[in-house]
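These are my notebook entries on one structure. I set down what I looked up, entry by entry.

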Amino acid sequence: MQVKSISPLEDGFLRKLEFIALKPKILYYYGKSPGESVKSKAKGEKNNQEKISGQAYVRPKTVAVVGSRKYTKYGEEWAYKIAYELARRGVVIVSGLAYGIDSIAHRAALDAGGLTVAVLGTPIDKIYPARHTGLAREIVDQGGMVLSEYPPQEILVKDEKLSRMLNSQLGMRSAFLKRNRLIAGLADLVVVAEGGVKSGSLNTAHHAMEQGVIVYAVPGDVNRSNSLGCNRLLGRGAVAFTELDELLDELGLKIHKPRESLKQIKEMCSTENEALMV
């Protein structure tokens, strides 16, 4: 995969990052952005400049689906269902390529034939976890994007301070938490599918709230530790997720109710007639 670089200002999809705290000046990525390049042409091509600046770019609806690395069947089912149903309706799914809920969300988007964007907390050429290198390649092959604010390691070594920070355990954790602002910043909505009180997904949710992005949390059993983080978010401004239609409505997407089949209609009528006869 070829590493490319871009300024958020040069891309319709990434330009939303211009409005977050600690906005990145440049991003490194594999694949293709769901956006559209708006780079200025050479000075001698004024007519082309005007034509490019006049082009309208409609940014696709984008939802971040995040959660803990350690997950339950409950969290897996909801993360997959939400990401799958949104992706098949053209929504771009953003997550962090991590173990657990993140990778489930990416996989669901791919299975739905949709686009997904993975945001790394490591240098762009150091896919983490390494086991997800294949998943990253699938994302790129299907037209999606894998990006990082950290350059390839051959460039990174020139910045000794940053290189040491990223190579230390504490530094890696700091970098992952820092990248969460990018996940939240790219999203129109953030959905926390499952997470304990120490889950990094809560950090993503807090970034989203600070950025004015609506956060949905999937409620869970109060006795289940993996749901404790989500349940606490509900008391701190998050919206309780109850059905997919809520997300579609919030995104301004049409809600298509499936039509009942002729067999279902006959069964309903039969049931109603039986009730009247009783």
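**Entry 1: Leu234**

I began with Leu234, which counts as partly exposed at 28% relative accessibility. The model is a predicted one, and I read each value below with that in mind. I located Leu234 in helix α9. Setting aside neighbours within four places in sequence, I found Leu234 in contact with Ala217, Pro219, Val239 and Ala240. I also looked up a C-alpha separation: Leu234 and Tyr216 are 18 residues apart along the chain, and their C-alpha atoms are separated by 8.3 Å.

**Entry 2: the helix that holds Leu234**

I then asked which residues of helix α9 are buried. In this helix, residues 225-234, they are Asn226, Ser227, Gly229, Cys230 and Leu233. Viewed down the axis of α9, these buried residues fall within an arc of 145°, so they line one face of the helix. For background, I noted that an α-helix has 3.6 residues a turn, so residues three or four places apart point the same way. I next looked up what covers the buried residues of α9, and the cover includes β7 (189-194), α8 (200-210) and β8 (214-217).

**Entry 3: the sheet**

I traced the strand order of the sheet.

Ser7 is found in the loop between β1 and β2. Ser7 has a relative accessible area of 18% and is buried. Not counting residues up to four places away in sequence, Ser7 touches Lys25 and Ile26.

**Entry 4: strand β3**

How many of the six residues of β3 are buried? I found that six of six are, so described for residues 62-67, and the strand is mostly covered. I noted the general rule that in a regular strand the side chains alternate between the two faces of the sheet. In β3, Thr62, Ala64 and Val66 point one way, Val63, Val65 and Gly67 point the other way, and all are buried.

I then checked the partners of β3. Strand β4 (residues 92-95) runs parallel to β3 and is joined to it by three bridges. Ala64 stands opposite Val94 in β4. Between the two strands the chain passes through helix α2 (residues 73-87), and this β-α-β crossover is right-handed. With β7, strand β3 pairs in the parallel sense over five bridges. The bridge partner of Val65 in β7 is Val191.

**Entry 5: aromatic pairs**

I searched for aromatic pairs, and the count comes to three. I recorded two of the pairs in detail.

One of them is formed by Trp78 and Phe241, with 5.4 Å centre to centre and 70° between the planes, an edge-to-face arrangement. Why does this pair tie together parts that are 163 residues apart in sequence? The reason is position: Trp78 lies in helix α2, and Phe241 lies in the loop between β9 and α10 (244-251). Trp78 is partly exposed, with a relative accessible area of 25%, whereas Phe241 counts as buried at 5% relative accessibility.

Another is formed by Tyr128 and Phe176. The ring centres are 5.5 Å apart and the planes stand at 40°, so this pair is tilted. Tyr128 lies in the loop between β5 and α4 and Phe176 in helix α7 (residues 169-186), so the pair ties together parts that are 48 residues apart in sequence. Tyr128 counts as partly exposed at 36% relative accessibility. Phe176 is buried, with a relative accessible area of 13%.

How values were computed:
Residues numbered from 1 in each chain as written. Predicted model: local features only at pLDDT ≥ 70, side-chain atom pairs only at ≥ 80, totals over all residues. Heavy atoms only, no water. Buried < 20%, exposed > 50% of the residue type's maximum accessible area, 1.4 Å probe, protein only. Helix = DSSP H or I, 4+ residues; strand = E, 2+ residues; numbered from the N terminus. Arc of directions from axis to C-beta. Contact = heavy atoms within 4.5 Å. Pairing = 2+ DSSP bridges. Right-handed = clockwise from strand over helix to strand, strands pointing away. Phe/Tyr/Trp six-rings, centres within 6.5 Å; stacked < 30°, edge-to-face > 60°.
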